[in-house]
Amino acid sequence: MSKDSGIEGAPTSGEARGAALWELARLFFRLGATAFGGPAAHVAMMEDEVVRRRGWMTREDFLDLYGATNLIPGPSSTELAIHIGHRRAGWAGLLVAGGCFIVPAALITLGFAWGYVRFGAVPEMSALLYGVKPVIIAVVAQALWGLGRAGLRSGRSLGLAALCAGASLFGIHELAVLAGAGALAVSHRLAAGRPAGPPPGAAAAVPLAVPLAGGAAATAAAAGVPFGLLPLFLFFVKVGSVLFGSGYVLLAFLRADLVERYRWMTEAQLLDAVAVGQVTPGPVFTTATFIGYLLGRVPGALVATAGIFLPAFLFVALSGPLIPRVRRSAVASAFLDGVNAASLALMAVVSFRLARAAVVDWLTGALAIAAALLLIRYRVSSLWLILAGAVIGVASVHV
């Protein structure tokens, strides 16, 4: 452990820390500019880069960080990037990894927002995504295989993951799935007669979940309130502080306030904003950048982006140092094992649904198989595979 940073695995010398920060910046800037496909794909690409290629941490450690992101509100893949930065290079790494993952995605979304205001429409990306999506299926499948081998080592954990996948397919909310899996794992640990407290000499367990901060952000209460940068910032701080779930949950949350309560935008504008967040690379929460630009141009985009992502940095800063302590507690460790199994199950369900939408004909099927072969057999970077898929997708439209 670094004496100056206090972070396990962080470089000890100033020169080594500077090199680590530069490598974090390059990696996450590239991912923020090229990581299409939503959180499941982002997690898969991070696992490929951080575990398989660079060996910065084990799959077990990576899975612990991923499980932890599912216990706090906010954008899970962005929080995972922040966790990785913190684990790799301390507090500076936390800021560098998170910022570099967000900034390129926000700039791309800002470009879309400018075009939308200038020309009145969202640019067509269906051809590009036609080739990218099947490649993403292969990337996610490869990550699931590796993480599953690390996190699902017993018949009991496999059974728990299968149970969680079934619950998700039947529409049970993901938070209920995560909490239920953790509770079942703890129940089994206690029933097996293993110690309920921490091992001798270990630090006392600290709860991993961070209290929701939804009541901290005050927004205007009256319908049709005048627009302002401060209310916009506070609104997106609230969204980033309390929101769990997919882009569809984000849509419902934004619609209730922006369309119905504040009347700052129309429903059609909001649907376009969420669509841009889904089809552009990087975090889905860059939807806020698009909305901010529509409402307040560049200052509005900056304020909205800062507001929605700020809670993620705070939650990771609070929860990240607790993960090693959780592992030293028998009960808390069992809970995290259950959450990890559930997280993999939820990722598998999302991937299954994405695969049904992505593999639609012989060409997309061939792309998915070829990408899987190149990933597993030849360890080709997922970045090059995604770029190749994009080129093939665009070319197929013009053939």
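These legends describe close-up views of a predicted model.

The chain has 399 residues, and buried residues make up 51% of them. Take the contacts between residues at least 6 apart in sequence. Of these, 74% join residues at least 24 apart.

**View 1. Helix α5 packs against helix α14.**
Helix α5 covers residues 126–151, and helix α14 covers residues 362–378. Two packed helices are described by the angle between their axes and the distance between the axes. Here the angle is about 40° and the axes are 8 Å apart. That angle makes α5 oblique to α14. The crossing of α5 past α14 is right-handed.

**View 2. A set of side-by-side names shows where α5 and α14 meet.**
On the α5 side, the contact has Tyr130, Gly131, Pro134, Val135, Ala138, Val139 and Gln142. On the α14 side, it has Leu363, Thr364, Leu367, Ala368, Ala371, Ala372, Leu375 and Ile376. Which kinds of residue make up this contact of α5 with α14? The residues divide into 12 nonpolar, 3 polar and no charged.

**View 3. Helix α4 and helix α11 run roughly antiparallel to each other.**
Helix α11 spans residues 287–319. Its axis and that of α4 come within 10 Å and cross at roughly 165°. An angle over 145 degrees counts as roughly antiparallel, so α4 and α11 are given that description. Their crossing is right-handed. The residues of this contact divide into 22 nonpolar, 8 polar and 2 charged.

**View 4. Phenylalanine 28 and phenylalanine 101 form an edge-to-face pair.**
A pair of aromatic rings is described by the distance of the centres and the angle of the planes. The count for the model comes to 8 aromatic pairs. In this pair, the ring centres are 6.4 Å apart and the planes lie at 85°. Planes over 60 degrees apart count as edge-to-face, so this pair takes that name. The pair links distant parts of the chain. Phenylalanine 28 sits in helix α1 (residues 14–34), and phenylalanine 101 sits in helix α4 (residues 76–119). The two are 73 residues apart. Are phenylalanine 28 and phenylalanine 101 buried or exposed? Both are buried.

**View 5. Phenylalanine 227 and tryptophan 264 also form an edge-to-face pair.**
Their ring centres are 5.3 Å apart, with the planes at 85°. Both partners lie in loops. Phenylalanine 227 is in the loop between α7 (174–191) and α8 (229–242). Tryptophan 264 is in the loop between α9 (247–261) and α10 (267–279). The pair links distant parts of the chain, 37 residues apart. Phenylalanine 227 has 34% relative accessibility, so it counts as partly exposed. Tryptophan 264 has a relative accessible area of 11% and is buried.

**View 6. Five aromatic residues form one cluster: Phe227, Phe235, Phe236, Tyr262 and Trp264.**

**View 7. Alanine 183 lies 6.4 Å from phenylalanine 335, C-alpha to C-alpha.**
Where is alanine 183 found? It is in helix α7. In sequence, alanine 183 and phenylalanine 335 are 152 residues apart. Alanine 183 has 39% relative accessibility, so it counts as partly exposed.

Note on methods: Residues are numbered from 1 along each chain as its sequence is written. This is a predicted model: local features need pLDDT of at least 70, side-chain atom pairs count only at pLDDT 80 or more; totals for chains, interfaces and linings use all residues. Side-chain values use heavy atoms; hydrogens and water are left out. Axes are lines fitted to C-alpha atoms, for helices over the stretch in contact, and angles run from 0 to 180 degrees between N-to-C directions. Helices (H or I, at least four residues) and strands (E, at least two) are DSSP runs, numbered from the N terminus. Angles under 35 degrees count as roughly parallel, over 145 as roughly antiparallel, 65 to 115 as roughly perpendicular and the rest as oblique. A crossing is left-handed if the near helix is turned anticlockwise from the far one by less than a right angle, and right-handed if clockwise. Contact means heavy atoms within 4.5 Å. Ala, Val, Leu, Ile, Met, Phe, Trp, Tyr, Cys and Pro count as nonpolar, Asp, Glu, Lys and Arg as charged, and the others, Gly among them, as polar. Rings of Phe, Tyr and Trp (its six-membered ring) pair if their centres lie within 6.5 Å; planes under 30 degrees apart count as stacked, over 60 as edge-to-face and the rest as tilted. Buried means under 20% relative accessible area, exposed over 50%, partly exposed in between (1.4 Å probe, protein chains only).
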